[in-house]
Amino acid sequence: MATLADSFLADLEDLSDDENRDEEGAEATEEAPDADKDLAEAAILNYDDLDSVAKLQKSQRFHDVMKKVEEAMTNATGISSKGLVAEDDPKYQLIVECNALSVDIDNEITIIHNFIRDKYRAKFPELESLVLHPIDYSRLVKQIGNEMDLTVIDLEGLLPSATIMVVSVTASTTSGKLLSEENLQKTIDACDRALALDEAKRHVLEFVESRMGYIAPNLSAVVGSTVAAKLMGVAGGLAALSRMPACNVQILGAKKKNLAGFSTATALPHTGFLFHTEIVQSTPPPLRMRACRLVAGKCTLAVRVDFTRGDISAKIGRELREDVRKKIEKWQEPPPPKQPKPLPVPDSDPKKKRGGRRLRKMKERYALTDMRKLANRMKFGVPEESSLGDGLGEGYGMLGQAGSGKLRVSIGQSKLAAKVAKKFKEKQYGSSGATSGLSSSLAFTPVQGIELSNPQAQAGLLGSGTQSTYFSETGSFSRISRTY
């Protein structure tokens with residue numbers, strides 16, 4: 001019969017199994033939309049009709065914003081930067097819409113670029129790895145068309161000279177084939193649409209640039225209205241730009257470059273719009289990256305002030321730009337010369353030093369010994385010996401090299417050692433009149449074993465001079481009586 005505890009554990013296991021099933025079902029439902037989305041995107045990219053791929057240019061929103069921009073540029077109404085700007089102001093809303101439209105235009109150009117690559121890959125498959133920028137790729141494809149020999153096509157002004165040379169050499173060895181008239185016409189139309197979108201984006205940025213003193217006066221004061229408009233257009237508005245850290249603002253507008261086997265010494269990684277500003281380009285080349293990081297930090301501060309409308313007079317922006325200029329000038333200053341350090345003034349007053357026997361004894365105690373003097377000297381042309389061998393460890397200097405090769409050091413006997421030796425001699429021979437407490441009247445002899453003796457009497461028997469141990473001066477032969 002199951003106990004209460006067993007039934008409780010069984011219920012817990014059932015609950016955990018149900019939770020696992022629910023989690024697996026939720027993950028399946030989450031993965032299904034993602035998979036459907038990927039399939040939808042793949043299907044969009046596989047369409048042969050350009051209108052089904054790029055829909056922004058024919059949307060009502062695109063035409064409305066572009067019409068408002070044209071009217072604003074034609075009327076050229078001045079916008080006063082005095083007073084607080086309301087968020088529901090139509091002019092402010094138009095600038096926000098322009099920033100959002102510029103981001104959508106970039107996304108649309110990327111989609112069209114993928115469409116062009118899919119169509120033109122059969123003609124020149126290596127081109128997409130040589131030219132990475134979508135607009136440059138579109139211009140080049142429109143210029144080349146269905147031509148196999150690129151030497152008869154003028155590509156000057158479209159790409160740098162080094163890239164043109166690489167593209168021409170690669171085209172002579174490509175494995176691509178001519179496109180059909182239908183695919184070629186679709187590719188050319190896609191290139192025209194991408195270039196038209198790029199031109200529309202340029203007009204939008206020109207309008208935003210002309211109104212940057214109204215929407216971001218401090219940022220415009222730091223880097224100029226042109227760069228400020230580009231930064232806002234890429235970031236997606238003033239609010240999105242104000243939330244970016246300085247390291248991300250620094251690389252806004254950076255393009256992926258393909259060096260095509262050339263040297264990377266002239267490549268400038270992590271360089272965007274800020275690197276090409278006037279204040280950075282006027283800096284010496286070794287300091288430009290450092291100046292670019294400094295300007296990015298100041299731009300982040302300025303755009304946050306503009307977003308909160310903290311200063312609409314651009315005073316903070318001018319102060320930040322002046323701070324950048326002073327720091328760059330400080331970096332270019334030569335280091336201060338090293339001043340010669342003067343010697344201390346000699347002290348001519350008599351010094352109060354103690355003399356006498358105590359000072360002499362102290363000098364003798366800390367004086368260099370003969371052994372240390374020899375260890376501190378080296379003999380010319382003779383390698384010194386060391387404690388670990390092969391020049392490792394502590395060197396011995398001239399120890400063992402002077403004279404006969406033996407170390408002779410004269411060491412005088414200390415007073416303490418002399419006193420100890422004298423006391424030991426007196427104890428051993430009993431030269432003093434007192435009897436030592438360690439002396440005993442018992443003596444051990446090999447003949448009689450233990451016998452009583454008088455140490456003082458034994459000491460008195462010892463003579464002076466050349467007394468022999470074996471023959472005594474007072475002793476005589478024993479007379480033995482003969483027995484019959």
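Modeller: Asp136 is partly exposed, with a relative accessible area of 23% (buried is under 20%, exposed over 50% and partly exposed in between, using a 1.4 Å probe and protein chains only). The model is predicted, so local features need pLDDT of at least 70 and side-chain atom pairs count only at pLDDT 80 or more, while totals for chains, interfaces and linings use all residues. Residues are numbered from 1 along each chain as its sequence is written, and side-chain values use heavy atoms, with hydrogens and water left out.

Asp136 forms a salt bridge with Arg139, their closest N and O atoms being 3.5 Å apart (a salt bridge is a side-chain nitrogen of Lys or Arg within 4 Å of a carboxyl oxygen of Asp or Glu). Both residues belong to helix α5, where they sit 3 residues apart, about one turn of the helix (helices are DSSP runs of H or I, at least four residues, and strands are runs of E, at least two, numbered from the N terminus). Arg139 is partly exposed too, at 34% relative accessibility.

Ser138 also lies in α5, which covers residues 134-144. Ser138 is buried, with a relative accessible area of 1%. Beyond residues up to four places away in sequence, Ser138 touches Ile116, Cys191, Ala194 and Leu195 (contact means heavy atoms within 4.5 Å).

The side chain of Lys142 meets that of Asp192 in a salt bridge, at 2.8 Å from N to O. Lys142 lies in α5 and Asp192 in α7, so this pair ties together parts that are 50 residues apart in sequence. Lys142 has a relative accessible area of 41% and is partly exposed, and Asp192 counts as partly exposed at 31%.

Helix α7 (residues 181-210) also packs against α10 (residues 225-235): the two axes come within 8 Å and cross at roughly 120° (axes are lines fitted to C-alpha atoms, for helices over the stretch in contact, with angles from 0 to 180 degrees between N-to-C directions). The two helices are therefore oblique to each other (under 35 degrees is roughly parallel, over 145 roughly antiparallel, 65 to 115 roughly perpendicular and the rest oblique). In this contact, Leu205, Val208 and Glu209 of α7 meet Ser225, Thr226, Ala229 and Gly233 of α10. These residues divide into 3 nonpolar, 3 polar and 1 charged (Ala, Val, Leu, Ile, Met, Phe, Trp, Tyr, Cys and Pro count as nonpolar, Asp, Glu, Lys and Arg as charged, and the others, Gly among them, as polar).

A search of the whole structure finds 15 of them. One of the other pairs is Arg321 with Glu278, whose closest N and O atoms are 3.0 Å apart. Arg321 is in helix α15 (residues 315-332) and Glu278 in helix α13 (residues 278-281), so the pair ties together parts that are 43 residues apart in sequence. Arg321 counts as partly exposed at 28% relative accessibility, whereas Glu278 is exposed, with a relative accessible area of 54%. Asp118, Arg121 and Glu128 are linked in a network of salt bridges.
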